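I opened a notebook for this structure. My entries follow in the order I looked things up.

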Amino acid sequence: MSVGPDGTHATFAERRGESWRLRMVALSEGAARTVAETPVEMGDPIARPKGAQILYRQAEEALWLVNSDGKQNRRLKLAPGRVGAATWAPDGRTILYLNIPEDRTQLNAIREYAPDTASDQLVAKTSQFAHFGFNRDTSVFVGASRNTASPTILILLRTTRRELTLCEHKASHPETVAPVFAPDSQRIYFQSNRDGHPAIYCMHVEKLVEKTDGTL
């Protein structure tokens, strides 16, 4: 489930028998409506910032986009490979996602897809990120490595495509680390069971990352 950018609606996926449906709830009223229904698996719906569309995923196979009125439900033409973490850029113009090649000897990459032009481009290859986040202007990324020999949290600069190691996350499942920036880009939060139980950790990065405006 996710809550829309304006905080008025929540969106979630629901399974009924062999079909899936995307549901939207008005939080002030509690009234739910069905946006779309399909035999394709639905998960992780995210409303588009400043737009009337919803992004959702079909497991690791694909990303789909549908209008909030249920029209134009379509599969996005992404780069070949499996789809890892994916979400809207803060301005709602593009979708940033983790591309995972079928060949495990190849590097996972952060890519950017623009729905309005159907264009897909490489942002940067990574040291095998299992999950990632980004700051407000998407100039800096933070990732959790799936490398068992080096289970680290790293930041990646978009302009130079260089990485800097911050710490070890030591999580049993790197894809659940889900690192994110604070709105002003001065802290990073991530989750891990490194101490024997799930917990949220915070790291200050004000000496490494420029402060950004916390509002859109």
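Is R75 buried, partly exposed or exposed? I looked it up: R75 counts as partly exposed, because its relative accessibility is 47%. Buried means under 20% relative accessible area, exposed means over 50%, and partly exposed lies in between (1.4 Å probe, protein chains only).

A note on what I am reading. This is a predicted model, in which local features need pLDDT of at least 70, side-chain atom pairs count only at pLDDT 80 or more, and totals for chains, interfaces and linings use all residues. Residues are numbered from 1 along each chain as its sequence is written, and side-chain values use heavy atoms, with hydrogens and water left out.

**Entry: around R75.** I placed R75 in strand β8. Strands here are DSSP runs (E, at least two residues) and helices are DSSP runs too (H or I, at least four), numbered from the N terminus. Leaving aside neighbours within four places in sequence, I found R75 in contact with Q58, E61, A62, L63 and W64. Contact means heavy atoms within 4.5 Å. I also checked R57, which is 18 residues from R75 along the chain; their C-alpha atoms are separated by 9.3 Å.

**Entry: the sheet.** I traced an open sheet of four strands, in the order β5-β6-β7-β8, with antiparallel pairing. β5 and β8 (74-75) stand at the edges with a single partner strand each, so one side of each has no neighbour in the sheet. Two strands pair if DSSP finds at least two bridges between them. β6 and β7 are antiparallel and joined by six bridges. Q53 stands opposite N67 in β7. β7 (residues 62-67) and β8 pair over two bridges, also antiparallel. There, L65 has R74 of β8 as its bridge partner.

**Entry: the turns.** The hairpin of β6 and β7 has three residues between the strands, and A59 in the turn has a positive phi of about 50 degrees. The hairpin of β7 and β8 has six residues between its strands, and G70 there takes a positive phi near 90 degrees.

**Entry: β7.** How many residues of β7 are buried? Six of the six are, so β7 is largely enclosed by the rest of the structure. In a regular strand the side chains alternate between the two faces of the sheet. I noted A62, W64 and V66 pointing one way from β7, and L63, L65 and N67 the other way.

**Entry: the largest pocket.** I read its space as about 900 Å³. Of the 33 residues that line the largest pocket, I46, T87, W88, F134 and V180 are the closest to its centre. Elements that give two or more residues to this lining include β5 (43-47), β6 (53-58) and β9 (82-88). A pocket is an open set of points on a 1 Å grid over the protein atoms alone, where a 1.4 Å probe fits, with protein on both sides within 12 Å along at least five of seven lines; lining residues have an atom within 4 Å of a point. Grid points are joined across faces, edges and corners, and the volume is the space filled by probe spheres set on them.

**Entry: the whole protein.** I counted zero helices and 19 strands. Of the 216 residues, 48% count as buried. The C-alpha atoms fill a box of roughly 45 × 40 × 40 Å, taken along the principal axes.
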